[in-house]
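Visitor: I'd like a quick tour of this one. Can we start with the sheet and then move on to a helix pair?

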Amino acid sequence: AVLLTIFVADALRFHYLARPHIFTTLFAVTALWMLDRDWSGASRSVWLLVPMTVLWTNVHGGFLILIIALGFLAVSALLRHEAHRFKRYAALAVACATATLVNPYGWQLHRHVWEYLRSDWLMRNIDEFQSPLFRQGSILPFEILLILGLICTFELVRTRRYHEALLVVFWAHGALTSARHITIYAVVAVPPVADQLSLLWGRWTQTSAKRSVMGTLRDLVDDMRPAARWTSIWVPVFLVLLACGAWGVKWPADFPPKFPTELMARNTGLLNGAGRENARILSPDAWGGYLDYKFYPNRRVFIDGRSDYYGPAILKDYISVRAAADNWQELGARYGWQFALIPPDWPLSRALKRSPDWILRDQDKVALLFERRPKDSHAGVRPAE
């Protein structure tokens, strides 16, 4: 359990960001745990999933994970010829699906999610919707969990645990087609993997003598298992200390690893100066959300990570500007950026250095900060070096 938990934490690491999807990870773990307990022994507490679905829907679009899980539970009950379970999970699925309509947009939210996921352009151009790159980054924990999960599906089907097998296969496919689903696959796959590895361990060590190394480890694990099943008060205590532990540090402190924190600190006066109360800032989408937070409500940032709201037209403009395409100056005039905070490896950074319309105010290894030159100050001015 400890080893697999470390693997899951590492698999989730690339998506630990200050964005709403972090709540989907929390709700997915909670919902799947509640469903697993209810499958083992029916309880009225599982109906708490209905109000939880309302909250989940109004926080992030990942509520579909719960509807999918309930669908697989109903299918599993059908395959096992268990009518009472089928009726229970079908009714729960209908109740939770209806609860998703309790949001400011009603069914239009579902239409938005459907159109977003069907956009071929968005799926091809947004990094987190691409297939994982197995030769880049720390992908090994996911690769190990993927292999273990697919191997375990054979045993899950043999023991008629169809819903777990369906969840593992479905989210394995999802993770292979879109890197953002790695987090959900890890959450879904690890419990049945851990269960199967425990059974394998028991079969492997059952004939070992008590005084042998394997026999000693087996007995040690057996002695520790009952106590490990209990919930400890130290878990919530640790979480409270973790939440309150950043003494003297203002939230948020979890800027992206390559966010120009020091450059921003040096130029706060410039960005917040008189006459710049409504300045528009060009920045990478990975930085935009943090700039939104820092300068809210006055600044307009182009763009942040809400790609589903911008749509292909604006995102195409963003890609053209970033690449310093032929129309980048036209787009700059249309959107009216007064500042550009961009990485030095963007082709646009070289174009802005050569342009007489922009002044290079500051730079470091992470970013360059440009300011648009006033229209009446062009005469006799050389481009930024």
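Visitor: In what order do the strands of the open sheet run?
Guide: Keep in mind that this is a predicted model. The sheet is open, has 5 strands and shows mixed pairing. Reading across, the order is β2-β1-β3-β5-β4.

Visitor: Which strands stand at the edges, each with a single partner strand?
Guide: Neighbouring strands in this sheet are turned by 25° against each other on average, ignoring direction. An edge strand has just a single partner, so one side of it is left without a neighbour in the sheet. That describes β2 (300-302) and β4 (358-363).

Visitor: What do β4 and β5 form, with 4 residues between them?
Guide: β4 pairs with β5 (residues 368-372) in the antiparallel sense, over 5 bridges. W358 sits opposite R372 in β5, and Q363 has L368 as its bridge partner. With 4 residues between the two strands, β4 and β5 make a hairpin.

Visitor: Are α2 and α3 roughly parallel or antiparallel to each other?
Guide: The axes of α2 (residues 21-40) and α3 (residues 49-57) come within 11 Å and cross at roughly 165°. Anything over 145 degrees counts as roughly antiparallel. So α2 and α3 are roughly antiparallel.

Visitor: How many residues of the contact of α2 with α3 are nonpolar?
Guide: The crossing of these two helices, α2 and α3, is left-handed. On the α2 side the contact takes in T24, F27, A28, T30, A31, M34 and L35, and α3 brings L49, M52, L55 and W56. No charged residue is among them, 2 are polar, and the nonpolar ones number 9.

Note on methods: Residues numbered from 1 in each chain as written. Predicted model: local features only at pLDDT ≥ 70, side-chain atom pairs only at ≥ 80, totals over all residues. Heavy atoms only, no water. Pairing = 2+ DSSP bridges. Axes fitted to C-alpha atoms, helices over the stretch in contact; angles between N-to-C directions. Parallel < 35°, antiparallel > 145°, perpendicular 65-115°, else oblique. Left-handed = near helix turned anticlockwise from the far one by under 90°. Contact = heavy atoms within 4.5 Å. Nonpolar A, V, L, I, M, F, W, Y, C, P; charged D, E, K, R; others polar.
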